[in-house]
Amino acid sequence: MRFVGSLINMEGRGCVLCLLVGCLLVSVAGALQCRAVPGSLKQIDAGAGRVCGVDNADNLVSYQGNSWVSLAMKGKHVSVGPAGLWSVSLASLVFKWLGGRWIRVQPGSLIQIDAGGDKFVVGVNAANSIFCLNSGPVLHYAGLGNIPWINVAGSLKYYSCGPFGCWGVNRLDQIFVKLDVSGDSCRGSDRWYPIQGSLSLVEVGSDGSVYGVNRNGVVFKRVGIDACNPFGSRWWALRAAGVARHVSYDRGILWIVCKDGRVQRCQV
């Protein structure tokens, strides 16, 4: 078992970070306490107290009360969080929700987008190239002129950010973490830290919680994440009702979309 460690300072505190690189630790948890939610989805995202998704007819929807309400657009991916509500259309165009309507973000062509960072946005395109927007453009863009996307070195098919760093998976389902990411520096450090394991997608909650789904539809939680250890210590397999295709976490609730489209609301 080998560890890679470094001494850094986060939020004024000295923290020793240890990344496990030589041994995969997995714990198996009991079954989640879940209840079915009406409707059928392909993708879901929860953040800042809201829950949005893409239904089986490619409609963007928002969970209100106990039903899904149309967001008046079709798309392939939607994300809600501290950076607001953002989406990717069926033509891979990027949109921002502003003043009760969608505005086109120009330029921009992505297949996956994430608004969970500290008022910054990240995403990937069809070529697995990674892009991000600092908080200034995110907060102030109102549809006029071009928006300054920043290219991030690397290659990922899914990318998600939270308060302690950003997590991503590549086309081989390998997992990576990037640190020193902020609203003023969405590109973060130049280093990618590998994490043992294999996931098809990974989602970071607004409190830093990390969840993912592997190619077999098993849901995992990363245990031990905090400001002093943004890598966590091990994967915790969660037994859910059905085979998962997508997950998202916010404010103590894990939302799971099963491969057959069923939606589960699980208490964590």
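A word on the source before I start: the model is predicted.

I will take the sheet first. It is an open sheet of four strands, and the order across it is β8-β9-β10-β11. The pairing is antiparallel. At the edges sit β8, residues 77–81, and β11, residues 101–109. Each of these two edge strands pairs on one side only. From one strand to the next, the twist averages 25°.

Now look at the pair β9 and β10. Strand β9 covers residues 84–88 and strand β10 covers residues 93–98. They run antiparallel, and three bridges join them.

How many salt bridges does a search of the whole structure find? The search finds five. I will go through some of them.

Start with Arg-215 and Asp-173. Their side chains meet in a salt bridge, at 3.1 Å from N to O. This pair links distant parts of the chain, 42 residues apart. Arg-215 is in the loop between β21 (210–213) and β22 (219–223). Asp-173 is in the loop between β17 (165–169) and β18 (175–178).

Are these two residues buried or exposed? Arg-215 has a relative accessible area of 58%, so it counts as exposed. Asp-173 has a relative accessible area of 3%, so it counts as buried. The cut-offs behind those words are under 20% for buried and over 50% for exposed.

Then there is Asp-260 with Arg-262. Their side chains meet in a salt bridge at 2.7 Å, N to O. Asp-260 is exposed, because its relative accessible area is 51%. Arg-262, with 37%, is partly exposed.

Some salt bridges share partners. Bridges of that kind join Lys-157, Asp-173 and Arg-215 into one network.

Last, Arg-251 and Asp-250. The side chains of these residues also meet in a salt bridge, with an N to O distance of 3.9 Å. For this bridge the cut-off matters: the nitrogen has to lie within 4 Å of a carboxyl oxygen, so the pair at 3.9 Å is counted. Arg-251 has 65% relative accessibility and counts as exposed. Asp-250 has 6% and counts as buried.

Conventions: Residues numbered from 1 in each chain as written. Predicted model: local features only at pLDDT ≥ 70, side-chain atom pairs only at ≥ 80, totals over all residues. Heavy atoms only, no water. Pairing = 2+ DSSP bridges. Axes fitted to C-alpha atoms, helices over the stretch in contact; angles between N-to-C directions. Buried < 20%, exposed > 50% of the residue type's maximum accessible area, 1.4 Å probe, protein only.
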